[in-house]
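Subject: Structure for you to look at

Hi,

Here is the structure I promised to pass on. Please open it alongside this note. My findings follow below.

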Amino acid sequence: MERRALHRINRRAVALVNEESTMIEASVNWTDKDRYVGSATSRHSIVMDTATEKSANTPMELVLLGLCGCTASDVVGILRKKREPFAGLEVRAKAERADGYPAVYTSIHLTYLVRGAVSQKAMEDAVNLSKEKYCSVSAMLEKTAKITYSIEHVR
């Protein structure tokens, strides 16, 4: 094959790989009452419930869980990269929603509970990097919510 043709094929292959890595698909199926089962590109399923008496998390609770998971993943990765001796990390969220619809989050407070001999500066740096640079969920939620945080060292 001619060099130009190979170059074009390689560019197309790279474009397809990049498109696949950024494209996520999700679907939700109603099951019964106010329950739904959702799955996404990862092919894992999750149950959601929007009833008054809930048998599963609500979609808005899942958004908060997504935020906690996203920032926790960032912080753990950063602490590992810095070789900080952490033994555990828990991220908790408390949030307020707007009155009326859409009832978006208006304020979120994250509490990072870190175990191990991690310095306060290392934790603050990791949390700030997550908040300002890496956490996609935080970046989306900051469009409507003020996100604050605190760090606690626990034994």
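Helix H2, residues 59-81, lies across strands S4 and S5. H2 runs at about 150° to S4. Helix H3, residues 120-134, lies across S4, S5 and S6. H3 runs at about 150° to S6. Please keep in mind that this is a predicted model.

Now the two helices together. The axes of H2 and H3 come within 9 Å. They cross at roughly 130°. H2 and H3 are therefore oblique to each other, since an angle over 145 degrees would be needed for roughly antiparallel. The crossing of H2 and H3 is right-handed.

Which residues make the contact? On the H2 side they are Thr71, Asp74, Val75, Ile78 and Leu79. H3 contributes Ala122, Met123, Ala126, Val127, Leu129, Ser130 and Tyr134. By class, nine residues in the contact of H2 with H3 are nonpolar, two are polar and one is charged.

Next, the sheet that goes with these helices. Its three strands are in the order S4-S5-S6. The sheet is open, and the pairing is mixed. Strand S4 (86-97) and strand S6 (146-154) are the edges, and each pairs on one side only. Neighbouring strands are turned by 15° against each other on average, direction ignored.

Strand S5 covers residues 105-116. Nine bridges join S5 to S6, and these two strands run parallel. Ile108 stands opposite Ile147 in S6.

How many aromatic pairs are there? The count comes to one. The rings of Tyr112 and Tyr149 have their centres 6.1 Å apart, and their planes are at 90°, so the pair is edge-to-face. The cut-off for that class is over 60 degrees. Tyr112 is in strand S5 and Tyr149 is in strand S6. The two are 37 residues apart, so this pair links distant parts of the chain.

There is another sheet to look at. It is open, with three strands in the order S1-S2-S3. Its pairing is antiparallel. The edge strands here are S1 (26-32) and S3 (45-49), each pairing on one side only. On average, neighbouring strands of this sheet are turned by 25° against each other, direction ignored.

Strand S2 spans residues 35-40. Five bridges join S2 to S3, and the two run antiparallel. Arg35 stands opposite Asp49 in S3.

Best wishes

Conventions: Residues numbered from 1 in each chain as written. Predicted model: local features only at pLDDT ≥ 70, side-chain atom pairs only at ≥ 80, totals over all residues. Heavy atoms only, no water. Pairing = 2+ DSSP bridges. Helix = DSSP H or I, 4+ residues; strand = E, 2+ residues; numbered from the N terminus. Axes fitted to C-alpha atoms, helices over the stretch in contact; angles between N-to-C directions. Contact = heavy atoms within 4.5 Å. Parallel < 35°, antiparallel > 145°, perpendicular 65-115°, else oblique. Left-handed = near helix turned anticlockwise from the far one by under 90°. Nonpolar A, V, L, I, M, F, W, Y, C, P; charged D, E, K, R; others polar. Phe/Tyr/Trp six-rings, centres within 6.5 Å; stacked < 30°, edge-to-face > 60°.
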